[in-house]
Amino acid sequence: MRSHGCGDLRQDASGQAVELCGWVDRSRDHGGVIFVDLRDRSGSVQITVDPDNGAAMFAVAEHLRNETVIQVAGTARQRPADAINDKLATGQVEVVAASITVLNAVKGNLPFPVSVHDEENTREELRLRHRYLDLRRERMARNLRLRHSTVQAMRRFLEEAGFIEVETPVLTRSTPEGARDYLVPSRVCGGEWFALPQSPQLFKQLLMVGGIERYYQVARCFRDEDLRADRQPEFTQLDMEMSFMGQEQILELNEALIASIWQAVKGIELPRPFPRLSWHEAMARYGTDRPDTRYGLELCDVSDLVKDMGFKVFSGAVAAGGAVKCIAVPGGNEAISNVRIKPGGDVFSEAQKAGAGGLAFIRVREGGEIDTIGAIKDNLSDDKKAELLTRSGATPGTLLLFGAGDTATVNKALDRVRQFLARELGLVQSERQNDQWNFLWVVDFPMFEFNAGENRLEALHHPFCAPNAADLGADPAAWAETLPTARAQAYDLVLNGLELGGGSLRIHDSALQRQVLQTIGLPLEEAERQFGFLMEALDMGAPPHGGLAYGVDRIVMLLAGEESIRDTIAFPKTQQARCLMTQAPAGVADKQLEELHVASTWTEEEG
RNA sequence: GGGACUGUAGUUCAACCGGUUAGAGCACCGCCCUGUCACGGCGGAAGUUGCGGGUUCGAAUCCCGUCAGUCCCGCCA
């Protein structure tokens, strides 16, 4: 049926008889001669149709519409010297058609143009509705291949490092904490439910107990939460777990893994080791646990300088246990007008959207003079002012932006302002043009954080992370005391402000595991019921182990320069978690529900 | 659950502050054209302005509701 790929034809094929199959990318009818660009997955080549080679064939060629599937038999030949197209990989040659067979015609209008020349801003709704057409387009084809190369690079590296891929169940049990589960009713066990895995976490730990030692899986995971540009209800993780390795060894191995991916996909040699930052330092300097380190604009804590000043917004925040922090924007006096940092301005609004009440500012002038509102200027002593300028690194021309309030809100607001300013000031490239890869390990996360709503501690990562041994102490009797404030042996890999993956060393001692579950408020009895199988396994010779998981969709998104993981997934869902192509989810027959012992309580009013 | 933006021909967009018959490129149909490659020329067809209601002498435009898509907040160990 086919002897060559369209895009593979070169000069050396001249004179050969060829058979090609593919889609009509577009055609140019000159009356006496017709040129058809034929496209398959290898690329495209020009077919030349001459009426002297058959009137019937010529008539067929005259009515070829774009995206018609055809088979062409003919002869490859060197193009005339004045007709060579340097813009095409196959521009040296053309195929003179001897016969053209229409394998499948296009009926009606296409919902959007496919040819790369027409690739304009097509509504995503249409692209998703007719995803098979969208996948023919250059951009999506490139992204899917890039995704394939990425996963291949992962598998190649892990194979060489002695990992084996093991599949874990997709039908598993629901566990407390974490995201909302997708549930599957059991027909056989009436009234009972499976949950789709949010990650293979427990299974991979049990594989370690099972002596696998080095496991990985390209695993589909499910979380029933609201969607974002970088979140889908089903997504893919590169899931890994390994025994008898400390944190340092795990991080080193993973840097090598990431480097091999970037080498394979981008041809870039990443500098190693990756920088590391403690969670505490990340929060202090960037206000977030996943800082974008491609630019400065770091946060500077000035709480101690302003705690006694007469400006109540500042001193009051500190007195209430909060903080006052600032961002120094070099050249900000020139670049950012007062309108933008006052109420209603875009910079001000960013802070406000993150929950901040407002945004105070100081403009630094020549000779250490400052421009600001009277309430600040009149209440700032000369030595405090001098210290402020020194500490923030401000020089004439610098704009200082302040957040004041409870520490979490200040961090959140200034993090947002920082990211906004970086884009506005052109400190980062657009996603498509980015060529800067600032990897960063964030380590030493706290084990727990306080959930004010439920008035209890919650695991920051998950309740199987091993605590830092020094923080925990050797005496099990003291664990109830030491555990809540202990750091975890956990680590996140951050790239340009996005969390690519994370993991931890795990608890392999059942007593400690029970203690952690109790600390997050799970009664002992409940802990046994939910996780008894894990604790039982830990008591049968569980090796020290740890691991991590990467978001494959996000990695591919960054490698592809895309802004949404939907563009890295063949058949993604909309923000309403609906598939526009199949119209899933959809209703089912009452009989199906009966068999599953399920009754729907959904009503029209509810919808 | 909340906030914002978008929805006009098959498609990408335009249509001023509410005012003639809602326009243009591409695609489509017809005719012409033997070296184009985003071919070119001439002509044609194509619209429930997402849907429903309201204000008005008059609505693509203003208001209310609703549906769909996107971005964000909450949520996502």
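**Figure 1. Cys300 in the predicted model.** Cys300 counts as buried in this predicted model, at 12% relative accessibility. The closest cysteine sulfur to that of Cys300 belongs to Cys326 and lies 4.5 Å away. This separation is too far for a bond, because a disulfide requires two cysteine sulfur atoms within 2.5 Å.

Figure 2. Cys465 takes part in no disulfide. With a relative accessible area of 2%, Cys465 is buried. The count of disulfides in the model comes to zero.

Figure 3. The model has one cavity of 30 Å³ or more. The volume of the largest cavity is about 40 Å³. Cys465 is one of the residues that line the largest cavity, as are Pro446, Met447 and Phe448. The lining also includes Ala459, Leu460, His461, His462 and Pro463, together with Ala488 and Val516. By class, nine of these lining residues are nonpolar and two are polar, and no charged residue is present.

**Figure 4. The second largest pocket.** The second largest pocket holds about 920 Å³ of space. Its lining comprises 31 residues, of which Arg39, Asp40, Gly43, Ser44 and Glu138 are the closest to the centre of the pocket. The strands β1 (17-29), β2 (34-40) and β3 (43-49) each supply at least two lining residues, as do the helices α3 (131-136) and α4 (138-160). The largest share, five residues, comes from α4. The lining of the second largest pocket divides into 14 charged, nine polar and eight nonpolar residues.

Technical notes. Residues numbered from 1 in each chain as written. Chains lettered and ligands numbered in written order. Predicted model: local features only at pLDDT ≥ 70, side-chain atom pairs only at ≥ 80, totals over all residues. Heavy atoms only, no water. Buried < 20%, exposed > 50% of the residue type's maximum accessible area, 1.4 Å probe, protein only. 1 Å grid on protein atoms, 1.4 Å probe; cavity = no way out; pocket = protein on both sides within 12 Å on 5 of 7 lines; lining within 4 Å. Points joined across faces, edges and corners; volume = space filled by probe spheres on them. Nonpolar A, V, L, I, M, F, W, Y, C, P; charged D, E, K, R; others polar. Helix = DSSP H or I, 4+ residues; strand = E, 2+ residues; numbered from the N terminus.
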